[in-house]
Amino acid sequence: QQLKSLIASAKTPAEHERIAQYYEAKAQNDLAQANEHAQMASQFKQNAVTSSPKWSTGTVNHCEYLAQSFTEDAAKMQALAQEHEQMALRAGGR
């Protein structure tokens, strides 16, 4: 809620920097989650039981899906952070 309010009213470089920092932190968290799930998928693949066709949907495939999803979300968050960095520069140049 606080982020929504800040986004709606941000005018100063500091406000845009704060928003950018939030999005960058979120991107880093998403990347950490993606890496964790990619590692789990790799571990599941090495196990004959969890990589079997019977279990792979709930193990390998699930973790690979989450890794990809978190990676995509991180890219979106980084793009938003960059946008607010640019807004901060423009707001400072007035």
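Leaving aside its neighbours within four places in sequence, which residues is isoleucine 19 in contact with? They are Leu3, Leu6, Ile7, Ala10 and His84, where contact means heavy atoms within 4.5 Å. This is a predicted model, in which local features need pLDDT of at least 70 and side-chain atom pairs count only at pLDDT 80 or more, while totals for chains, interfaces and linings use all residues. Residues are numbered from 1 along each chain as its sequence is written, and side-chain values use heavy atoms, with hydrogens and water left out.

Isoleucine 19 lies in helix 2; helices here are DSSP runs (H or I, at least four residues) numbered from the N terminus. Isoleucine 19 has a relative accessible area of 0%, so it is buried, a term that means under 20% relative accessible area with a 1.4 Å probe, protein chains only. Isoleucine 19 and histidine 84 are 65 residues apart in sequence, yet their C-alpha atoms are 6.7 Å apart in space.

Helix 2 covers residues 13–46, which is 34 residues. From first C-alpha to last it reaches 49 Å, close to the expected 50 Å, the expected span being 1.5 Å times one less than the number of residues. The buried residues of helix 2 are His16, Ile19, Ala20, Tyr23, Ala27, Asp30, Ala34, His37 and Ala41. An α-helix has 3.6 residues a turn, so residues three or four places apart point the same way. What covers the buried residues of helix 2 includes helix 1 (2–9) and helix 3 (60–92).

Take helix 3 next. Helix 2 and helix 3 pack at an angle of about 165°, with their axes 7 Å apart; axes are lines fitted to C-alpha atoms over the stretch in contact, and angles run from 0 to 180 degrees between N-to-C directions. Helix 2 is therefore roughly antiparallel to helix 3, a label for angles over 145 degrees. By class, their contact has 23 nonpolar, eight polar and eight charged residues. Ala, Val, Leu, Ile, Met, Phe, Trp, Tyr, Cys and Pro count as nonpolar, Asp, Glu, Lys and Arg as charged, and the others, Gly among them, as polar.

The axes of helix 1 and helix 2 come within 10 Å and cross at roughly 140°. Gln2, Leu3, Leu6, Ile7 and Ser9 of helix 1 make the contact with Glu15, Arg18, Ile19, Tyr22 and Tyr23 of helix 2.

Finally, serine 52 is placed in the loop between helix 2 and helix 3. Serine 52 and isoleucine 7 are 45 residues apart in sequence and 47 Å apart in space, C-alpha to C-alpha.

How values were computed: Helices (H or I, at least four residues) and strands (E, at least two) are DSSP runs, numbered from the N terminus. Buried means under 20% relative accessible area, exposed over 50%, partly exposed in between (1.4 Å probe, protein chains only). Angles under 35 degrees count as roughly parallel, over 145 as roughly antiparallel, 65 to 115 as roughly perpendicular and the rest as oblique.
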